[in-house]
Amino acid sequence: MSNLKNVLILVGSPKGKNSASNNFALYLEDKFQEKGIETEKAYLVEHQKPKRLKKLVEKAFIPELLVIVAPLYIDSIPAITINFMEECYKSKEDSHNQKLMAVFNSGFPEPNHNDLAIRMCKNFASKMDMEWMGGITIGMGAAFERSSLIDAGGMARNLRKGLDAAVESLSHNKPMPSEAVLTASKPLLPLFLSKFFMCYFGEWLWKRKVKDKAVRKKMRYRPYKFQ
């Protein structure tokens with residue numbers, strides 16, 4: 001089996017370069033390049049206008065492997081990513097054995113909240129006659145908004161290990177091994193610790209964002225609560 005020659009990584013977060021998704025994409029980009037694979041990255045948020053989107057869709061049909069890296073938004077795929085997928089389907093060409101993999105992250109501590117988005121991508125691959133190479137789910141994705149996977153240290157150990165194994169397999173044009181997917185998709189922290197941080201530090205962070213003291217006093221109001 002021949003080795004993978006080129007990859008296009010699509011960052012589907014509306015936050016573009018300032019997103020956790022971009023930090024996951026940067027890690028994958030480095031790993032593919034270390035394997036000598038031609039790698040390009042594009043931000044869907046910068047390709048929303050029809051002409052730019054059309055050019056990106058045309059470009060998306062060229063590489064052997066397409067990688068979608070995006071956040072979960074309200075149990076679904078971000079609108080800009082869905083729009084890209086729909087435009088691809090409208091312009092569907094001979095897939096020339098093109099392959100697709102996906103990486104989704106969410107703010108929930110349990111990575112399995114992303115499962116539905118991964119299944120949507122798998123269905124997209126089927127409709128596009130692409131080979132599905134697998135999907136990785138990441139919980140607590142917001143932890144990587146300002147930190148690379150390298151800088152995250154031990155917290156991202158399993159994620160790095162899983163992604164490394166995934167890239168190794170993909171570089172030989174093989175689907176991601178289930179062990180790599182399971183390792184990369186492990187919770188970053190024990191769930192009881194994640195929930196503790198979310199309950200206490202999350203509340204503290206939300207309060208910091210409310211600069212108006214008058215608003216802060218109303219934060220516990222529940223006007224629609226049933227008596």
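**Exercise 1.** Determine how the radius of gyration of the protein relates to the value for a compact globule.

*Solution.* The radius of gyration is taken over C-alpha atoms, and the globule rule is 2.2 Å times the number of residues to the power 0.38. For 227 residues, a compact globule would therefore have a radius of gyration near 17 Å, and the 19 Å of the protein agrees with this. As a further step, the box filled by the C-alpha atoms, taken along the principal axes, is roughly 60 × 40 × 30 Å.

This is a predicted model, in which local features need pLDDT of at least 70 and side-chain atom pairs count only at pLDDT 80 or more, whereas totals for chains, interfaces and linings use all residues. Residues are numbered from 1 along each chain as its sequence is written, and side-chain values use heavy atoms, with hydrogens and water left out.

**Exercise 2.** State what share of the residues is buried, and what share of the contacts joins residues 24 or more positions apart.

*Solution.* Buried means under 20% relative accessible area (1.4 Å probe, protein chains only), and 48% of the 227 residues count as such. Next, with contact meaning heavy atoms within 4.5 Å, residues 24 or more positions apart account for 77% of the contacts with a separation of 6 or more.

Methods: Buried means under 20% relative accessible area, exposed over 50%, partly exposed in between (1.4 Å probe, protein chains only).
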